[in-house]
Amino acid sequence: MAAESHDAKHRQLDEVRKDPQDTYLTTQQGVRVDHTDDALSAGERGPTLLEDFHAREKITHFDHERIPERVVHARGAGAYGHFQPYDGWLADYTVASFLTDPNERTPVFVRFSTVAGSRGSADTVRDVRGFATKFYTRQGNYDLVGNNMPVFFIQDGIKFPDFVHAVKPEPDNEMPQAASAHDTLWDFVQLQPETLHMMMWLMSDRALPRSYRMMQGFGVHTFRLVNAEGRGTFVKFHWKPALGTHSLVWDECQKIAGKDPDYNRRDLWEAIEAGQYPEWELGVQLVDESREFDFDFDLLDPTKIIPEEEVPVRPVGRLVLDRNPDNFFAETEQVAFHTANVVPGIDFTNDPLLQARNFSYLDTQLIRLGGPNFAQIPVNRPVADVANNQRDGYGQQRIHRGRTSYSENSLAGGCPVVGGTEAGAFAHYQEKVEGHKIRKRSESFQDHYSQATLFWNSMASWEKEHIVAAFRFELGKVDHQHVREGVVARLNHVDHELAVAVAEGVGVAPPQQAETPNHGRSSPALSQANSVTGTIATRKVAVLAADGVDSTEVEQIRRGLSERGAIAEVLALRDGKIRGANGGEVDVDRQINTMASVVYDGVIVPGGADSIRALSADGYAVHFVTEAYKHHKPVAASDEGMRLLQHAGIAEAEKAGGPNGVVADHGVVTAAGGALPDDFLAEFAAALGRHRVWDRDTASVPA
Ligand code: HDE
């Protein structure tokens, strides 16, 4: 079990944590039960009796175990941790001390999620990921309910039900599950050009995170910081993962959805259990209110980013997740985030999407969690004191004493007292607002294409290829030709080459010329090619072996990878132990057919003639190597191991290394003759640290 943080929140939770040790089975009333396998009946073969209070209670409770899943973001995984600012520079802008006091370590609970799928759907679908953080600050709970993409599909919250109905499974047959590749979503898109920027993100690799630990997070909206003088500053929140921002490839995602539908959830859980605590840096982009109209987009428009090259992201502090929940339902399912959970120093703007969210979260939680007292559920309880005159309701946990439940009162000495800002009370930012009551989208929200083009222009060539392939895949699943045509016509406003490339794949006549000329601007910060850190920490590497493997090499590989923070797992044709070439035994971690290359970041095949003969005769093992190569993963082999690579059709292994030499060619690392040279693992680790070998052409590889 990993080391656990034990802060104010955990001390509070300890009071309700229950262990089964040293307990007797009882009813909900605490009465011990002597038998729970047979109901009380009239005679051995007679009817069950109503007076069996234990059976009735047991079944009734079971009958009521389910609650509605979240209408969006139903599938998620959560963890506890803490946030701590690096220093106090942000104090000029906000009174929120959890962001400015380097001595203040704030407990948090974070929940990551997919959006469209149901609670039991797969993790590796093409989707946005939620990244919601609850900070249990001393001033009350602050929730930063963000996503892993910095923009959104729509500009005004009133369209959210339409958008969600379009992306969710279609209403007649509830298909497809957790997928955007269907007619209704793309019909919505072709009719709503405001979706275009977000659709570029959704068709990019950002929608396929390798790990929740390797995802950026964004607050999306422009929020407002408020300082001690009451001065406001516009702010965009960013989370940057310490491990870099990395993605899977689409073919891999589809396979993982079957091999391990819990892939991202398991990855988060295992990393925390192993003490490899995921980390993010919180950063902010600040814009002085005097500069509100200095941009060629509206700061209140949630379909726009502020390019980092225009306004830099300044580091604020560090988030670490170091403890898994004890109970999925009690914690991850019952946690309730709300954009309107703010603390002094943080406020809203008039972003019309944010305004709608400020209504929606509390509203949905009233039904999802069964009434108005869900803030008393342990995971949701603040560590700050709670006192008010809100009373009663389903599930009330507090025993409010005294005769008063109104304000003002004199009978209870005026308590709870209404304090001012000097007492730390929240005071809404005073913004002057005037206007006519109208239903109209602001003119400043009308440019739907420039930033979609900016995103496209900023991509590396392999990222562009993936985007084109994604559009082709998704539109290829759309039955209505006019919908395909409509989307291509929209893309022609983003970039002509993109529109043509997509059109050619989906049977639509390519547009003759650009609808809107490409402005040629780019923002390097948007490309994942620029987020490589070189670390291989927590990466999983498969080592393929059978009886007769060179066990010294296996040992060297295990040690070398572990020293670099990665994890090697020996996969063999059977579980247990296998024989080494020169005697000795090797422990097998997994039987190869219970796993697949798609759940590993790279593969190494050590030498040993018998081992390679056995692996080469096993289609699953051969496929394992081909598939890893297909997905641009580093593949390495030594001595006879190279024969398995050759057998798998890997061209680079044909010209493999001479005696005691190491050759690294397009992420295929080979070494021949004698002991494993030092460079072998160094080269492999270097390729792994780049995440994938994108310049390898794998189009013709059959896997
Ligand atoms: Fe949400 N969203 N949302 N959303 N959202 C919910 O709240 C909603 C939006 C986000 O792990 C719901 O408790 C509206 C943007 C996350 O528990 C619901 C609009 C962003 C989560 C809701 C948006 C998000 C939710 C469903 C448009 C990124 C999961 C269950 C106006 C900045 C939180 C619930 C968790 C969940 C409404 C748009 C992020 C229905 C009306 C933009 C991460 O209240």
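**Exercise 1. Place S611 in the fold: which helix holds S611, and is S611 buried or exposed?**

Solution. Step one: S611 lies in helix α15, residues 609–616. Helices (H or I, at least four residues) and strands (E, at least two) are DSSP runs, numbered from the N terminus. The model is predicted: local features need pLDDT of at least 70, side-chain atom pairs count only at pLDDT 80 or more, and totals for chains, interfaces and linings use all residues. Residues are numbered from 1 along each chain as its sequence is written, and side-chain values use heavy atoms, with hydrogens and water left out.

Step two: S611 has a relative accessible area of 0%, so S611 is buried. Buried means under 20% relative accessible area, exposed over 50%, partly exposed in between (1.4 Å probe, protein chains only).

Step three: list the contacts (heavy atoms within 4.5 Å). Leaving aside neighbours within four places in sequence, S611 touches A545, A546, D547, G548 and V549.

**Exercise 2. Describe the open sheet: what is the strand order, and which strands stand at the edges?**

Solution. Step one: the order of the 7 strands is β15-β12-β11-β16-β17-β19-β18, with mixed pairing. Two strands pair if DSSP finds at least two bridges between them.

Step two: β15 (590–591) and β18 (662–665) are the edge strands. Each has a single partner strand, so one side of each has no neighbour in the sheet.

Step three: β18 pairs with β19 (residues 668–671) in the antiparallel sense, over 4 bridges. In this pair, A664 stands opposite V669 in β19.

Step four: helix α16 (residues 619–630) packs on the sheet. Helix α16 touches β11 (540–544), β12 (567–572), β16 (602–605), β17 (635–638) and β19. The direction of α16 makes about 145° with that of β11. Axes are lines fitted to C-alpha atoms, for helices over the stretch in contact, and angles run from 0 to 180 degrees between N-to-C directions.

**Exercise 3. Find the protein donor of the ligand's iron atom.**

Solution. Step one: the only protein donor is Y361 (OH), at 2.0 Å. Donors are N, O and S atoms within 2.8 Å of the metal (3.2 Å for Na, K and Ca); water is not among the atoms, so sites may look incomplete.

Step two: Y361 lies in helix α9, residues 352–368.

**Exercise 4. Say how far S611 is from V386, in sequence and in space.**

Solution. In sequence, S611 and V386 are 225 residues apart. In space, they are 65 Å apart, C-alpha to C-alpha.
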